[in-house]
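Biologist: Hello! I am new to this structure and would be glad of a close look at one part of it. Could you take me through it step by step?

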Amino acid sequence: EGRLDEYLDNIIVSGNYLLGVLNDVLEMARIENNKITIDEELVDVEEFKHGCLVSIEELVKNKDIDFSIEDNGTNKYLYFDKVHVQEIFMNLASNAIKYTPEGGSVKVVTNESYDDKNDIVYIESSFIDTGIGMSEEFIEHAFDSFERERTTASANLTGTGLGLAIVKRLIDLMNGTISIESTKGEGTIITVKLPLRKGEASDYVDKDEYVEDTSYDLRGISVLLAEDNDINAEIVMEFFEYGDMSIER
Ligand code: ATP
Ligand code: MG
């Protein structure tokens with residue numbers, strides 16, 4: 001019984017790992033083929049930061065790392081590509097956490113500055129860790145695909161070496177900058193600067209507030225399922241039967 005749980009846990013962990021690798025390889029392929037567009041939308045900054053924080057807390061949950069945030073941002077609404085900015089932040093945060101041994105610290109500091117005309121906000125976030133650091137020679141290759149620094153400290157840390165390559169290309173597409181300062185054995189500071197357009201609260205439509213109630217009572221109905229993948233069919237049938245529907249395939 002206990003062993004079965006352990007095996008299932010292992011399968012889930014390996015499954016998630018493979019999914020992560022696959023997603024990174026696909027994301028890089030999309031970027032290299034110019035298939036990624038940056039979709040700016042008006043973002044509620046507080047809500048966005050909260051979403052990132054929840055995901056980061058998931059990463060530090062099982063590791064003894066002192067994680068903190070210093071947020072000096074004041075803009076409540078900004079235009080940016082939520083999905084891709086979150087991807088950048090999560091990659092940098094997960095590296096900082098991964099390459100910092102237990103007992104160390106990770107801090108994210110965010111500041112804003114303005115251009116002369118005052119209509120662009122530069123958001124500058126630094127991911128500061130007290131981890132294993134990188135050598136000067138490696139830093140020059142850190143944004144290349146599949147590059148990972150091999151050291152005794154990183155020997156048992158897995159990864160594909162695509163995270164920073166994706167981050168760098170996304171930041172280029174957003175006309176931003178990224179820089180690395182690092183000292184081996186002491187820690188790393190990675191700073192991202194993105195030029196964003198300011199938004200107004202009055203432009204903002206909270207999509208969550210306008211969601212129609214789309215729940216229907218489907219119990220007792222008969223469903224004809226067309227699905228050529230056996231495993232998917234089995235999963236769908238299980239769900240439908242769980243919802244008291246009769247199903248035929
Ligand atoms: P993944 O594709 O899963 O992100 P990865 O973390 O190895 O794998 P990158 O995120 O691209 O790949 O990072 C490349 C390499 O840069 C890492 O393998 C590591 O050697 C080094 N590195 C990145 N971030 C840090 C950091 N905060 N501290 C020390 N080394 C780092
Ligand atoms: Mg990484």
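This is a predicted model: local features need pLDDT of at least 70, side-chain atom pairs count only at pLDDT 80 or more; totals for chains, interfaces and linings use all residues.

In which loop is the place of S135? And what lies around ligand 1?

Modeller: You will find S135 in the loop between β5 (120–129) and α4 (136–139). With a relative accessible area of 13%, S135 is buried, because that value is under the 20% cut-off. The side chain of S135 also has a partner: it makes a polar contact with the side chain of E149, at 2.7 Å.

E149 leads us on to the ligand. A polar backbone atom of E149 is 3.1 Å from an oxygen atom of ligand 1. Another backbone atom, an N or O of G161, lies 3.0 Å from an oxygen atom of ligand 1. From D129, a polar side-chain atom lies 2.9 Å from a nitrogen atom of the ligand. On its own, ligand 1 has 600 Å² of accessible area, and the protein covers 95% of that.

Now for the surroundings. Ligand 1 takes up the space of the largest pocket. The largest share, three residues, comes from α3. There are 20 residues around ligand 1, and N95, Y99, D129, R148 and L164 come nearest. Sorted by class, the shell has seven nonpolar, seven polar and six charged residues.

Methods:
Residues are numbered from 1 along each chain as its sequence is written. Chains are lettered from A and ligands numbered from 1 in the order in which they are written. Side-chain values use heavy atoms; hydrogens and water are left out. A residue is near a molecule or strand if one of its heavy atoms lies within 4 Å of it. A polar contact is a pair of N or O atoms within 3.5 Å; within protein, one must be able to donate a hydrogen and the other to accept it, and residues adjacent in sequence count only if both atoms are side-chain atoms. Accessible areas come from the Shrake-Rupley method with a 1.4 Å probe; for residues, only the protein chains shown count as cover. On a 1 Å grid over the protein atoms alone, a cavity is a set of points where a 1.4 Å probe fits but cannot get out, and a pocket is an open set with protein on both sides within 12 Å along at least five of seven lines; lining residues have an atom within 4 Å of a point. A molecule sits in a cavity or pocket if more than half of its atoms lie within 2 Å of its grid points. Helices (H or I, at least four residues) and strands (E, at least two) are DSSP runs, numbered from the N terminus. Ala, Val, Leu, Ile, Met, Phe, Trp, Tyr, Cys and Pro count as nonpolar, Asp, Glu, Lys and Arg as charged, and the others, Gly among them, as polar. Buried means under 20% relative accessible area, exposed over 50%, partly exposed in between (1.4 Å probe, protein chains only).
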